[in-house]
Amino acid sequence: MKNILILGAGTAGSMMANKLFRALDKKEWKITVVDPSSTHYYQPGFLFIPFGKYSKEDVIKPAAQLIPKGVEFISAEVQLLQAAENKVILTDGRSFAYDYLIIATGARIAPEETPGILGPLWQKDVFEFYTLEGALALAERLKNFNAGKLVVSIVDMPFKCPVAPIEFVCLADDYFKRRGIREKVEIFYVTPLSGAFTKPIAAKMLSQVMQERNIQIISDFYIERVDNENKKLVSYDEREVPFDLLTIVPLNKGADFVGRSGIGDELNFIPVDKHTLQMSHYPNVFVLGDAAAIPTSKAGSVAHFAGEILFENIMHIIQGETPKEKFDGHSNCYIEVGGGKASLIDFNYDTEPLPGTYPVPGVGPFKLLSLTRINHWGKLAFRWIYWNLLVKGRTLPVSAHMSMKGKKIIS
Amino acid sequence: MAEKVIAGRTIQVNDEGYMTNPSEWTREIAAEMAKEEGITLTDKHYAVLEYIREKALAGETLTIRKIGSSGIVDLKEFYQLFPGGPLKLASKLAGIPKPTSCV
């Protein structure tokens with residue numbers, strides 16, 4: 001019997017468990033998944049909770065329900081990876097040997113890393129929306145927010161779903177308009193970047209979207225602390241942004257066992273070959289999804305596209321062949337802008353988001369880098385696709401590699 | 001891409017003034033470029049520039065946070081030494097490409 005061990009039952013881990021279980025001979029292979037959480041969260045849905053569009057029930061399912069019956073699910077936390085011995089030790093002392101290991105332990109928010117986030121105003125006037133609890137608490141606060149300065153700010157790169165805070169300010173604009181109090185609310189977008197986004201063409205389009213919605217962008221702002229007493233953000237170069245309600249994207253970090261095992265960077269993300277997702281020195285260890293330190297977005301779409309490639313490669317490796325497929329950094333994200341419209345971006349390591357159509361060249365139905373109703377419906381329909389196809393490891397009618405077909409080259 | 005004569009040498013720079021060939025860098029070039037930005041380089045500045053060059057030339061991705069935990073400067077000092085966008089400015093003066101943040 002050979003063992004495949006998967007750490008993490010999120011998007012990446014569940015998808016791989018499903019794909020490998022279907023493909024491998026059950027008499028020869030045992031697949032085990034380890035995750036401390038017994039709940040699987042549909043994380044893209046967290047964005048809609050503060051505005052009352054989704055409820056708790058829309059974004060949770062029991063994790064075990066999304067993993068095949070023949071796969072062993074262990075609800076536990078990882079203490080240490082001993083890659084030289086092909087062994088993983090859990091915090092409860094149990095240890096597991098593996099032939100192949102997939103690390104899919106994701107990224108978490110680390111509000112404790114920035115002074116003042118967890119201060120007296122935490123969950124009173126200072127919130128985050130990257131956890132279910134945080135998003136639900138913010139929904140309650142927004143209901144009673146009738147006037148003042150709403151500040152949305154990012155502590156540092158990289159963070160999960162890099163368009164989410166942009167979507168958040170646009171949806172906030174829409175939310176206050178619907179409540180008829182938009183003119184009483186000022187909205188600020190505070191970022192450590194020099195503009196709205198990292199990639200120039202999308203940045204231009206997104207800053208226009210924000211300007212049209214009267215959202216003020218404060219750039220190159222690197223947060224040192226949250227001053228609870230005077231209700232303001234303070235940067236390392238001593239600039240200040242006052243707020244009445246702060247929604248912050250805290251520093252993102254990888255899993256703690258990564259640090260304990262000495263295999264990560266300073267944020268506990270794991271450096272891997274960006275095309276094969278293999279750890280150097282340990283070709284039987286792969287890192288999929290947000291846990292990997294690769295130069296693309298931390299997003300479900302990346303986990304999905306990279307997972308398709310990784311699955312093909314693992315099947316080759318198991319059969320003693322050389323892995324053929326190379327992950328190109330493909331990422332795509334819907335960007336909700338409120339008013340029932342959304343944009344869509346599609347890009348990879350080498351190509352920045354460009355205008356065009358997706359996934360069918362010239363047809364769509366989705367339009368890249370423009371605001372359409374169909375893009376918005378695509379985002380909403382994606383929740384069904386996620387629960388029923390994506391995490392179950394079913395093939396979606398989109399290519400894992402980014403395609404230039406249907407894209408317009410502009411500069 | 002353009003050529004620029006600075007500190008008695010000819011160097012290659014891109015349209016934002018970043019050097020495109022890190023091996024052309026000298027301490028004198030850094031000092032002259034810093035003057036153009038209104039900064040007089042001190043030993044502390046040079047220590048940061050040397051650290052950035054060492055890491056960048058070894059292929060490591062640099063972040064503001066990483067420099068803050070380098071043991072050479074803390075983040076507050078880093079901002080004081082290279083005001084505005086410290087990582088961009090320090091990279092420019094260190095003769096390495098402009099840091100790109102990937103989403």
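Here is a chat about how the two chains of this predicted model are put together.

Visitor: What kind of model is this, and what pLDDT do side-chain atom pairs need to count?
Guide: Residues are numbered from 1 along each chain as its sequence is written, while chains are lettered from A and ligands numbered from 1 in the order in which they are written. It's a predicted model, where totals for chains, interfaces and linings use all residues, local features need pLDDT of at least 70, and side-chain atom pairs count only at pLDDT 80 or more.

Visitor: How far apart are the C-alpha centres of domain 2 and domain 3 of chain A?
Guide: The bounds come from an automatic or database domain assignment. For chain A that gives domain 1 (2-108 + 253-318), domain 2 (110-251) and domain 3 (331-390). Between the C-alpha centres of domains 2 and 3 of chain A the distance is 24 Å.

Visitor: Which element gives the largest share of the side of domain 2 of chain A that touches domain 3 of chain A?
Guide: Contact here means that the C-beta atoms of two residues, placed from the backbone, lie within 7 Å. By that test, 14 residues of domain 2 of chain A touch 12 residues of domain 3 of chain A. Two elements give two or more residues to the domain 2 side, α3 (164-178) and α4 (200-212) of chain A; helices (H or I, at least four residues) and strands (E, at least two) are DSSP runs, numbered from the N terminus. The largest share, six residues, comes from α3(A).

Visitor: How many residues on that domain 2 side are charged?
Guide: The classes go like this: Ala, Val, Leu, Ile, Met, Phe, Trp, Tyr, Cys and Pro are nonpolar, Asp, Glu, Lys and Arg are charged, and the others, Gly among them, are polar. The side of domain 2 of chain A that touches domain 3 of chain A has 10 nonpolar residues, no polar ones, and the charged count is four.

Visitor: And where chain A touches chain B, how many residues of the chain A side are charged?
Guide: Across that interface, 16 residues of chain A are in contact with 13 residues of chain B. The chain A side splits into seven nonpolar, four polar and, for the charged class, five.

Visitor: Why does β5(A) have one side without a neighbour in its sheet?
Guide: β5(A) belongs to an open sheet of six strands with mixed pairing, in the order β5-β2-β1-β9-β22-β21 (chain A). β5 (72-74) and β21 (278-279) of chain A are at the edges, so one side of each lacks a neighbour, because each has a single partner strand.

Visitor: Which residue in the hairpin of β26(A) and β27(A) takes a positive phi?
Guide: Strands β26 (residues 356-360) and β27 (residues 364-368) of chain A run antiparallel, joined by five bridges. Tyr358(A) has Phe366(A) as its bridge partner in β27(A). With three residues between the strands, the positive phi, near 80 degrees, belongs to Gly362(A).

Visitor: Over in chain B, how are α2(B) and α5(B) oriented?
Guide: Val48(B), Leu49(B) and Ile52(B) in α2(B) meet Ala90(B), Ser91(B) and Leu93(B) in α5(B). Helices α2 (residues 43-57) and α5 (residues 86-93) of chain B have axes 9 Å apart, at an angle of about 85 degrees. Angles under 35 degrees count as roughly parallel, over 145 as roughly antiparallel, 65 to 115 as roughly perpendicular and the rest as oblique. That makes α2(B), relative to α5(B), roughly perpendicular.

Visitor: What radius of gyration does chain B have?
Guide: Chain B has five helices and two strands, in the pattern β-β-α-α-α-α-α. The radius is taken over C-alpha atoms, and the globule rule is 2.2 Å times the number of residues to the power 0.38. With 103 residues, a compact globule would come out near 13 Å, which agrees with the value for chain B, 13 Å.

Note on methods
Axes fitted to C-alpha atoms, helices over the stretch in contact; angles between N-to-C directions. Pairing = 2+ DSSP bridges.
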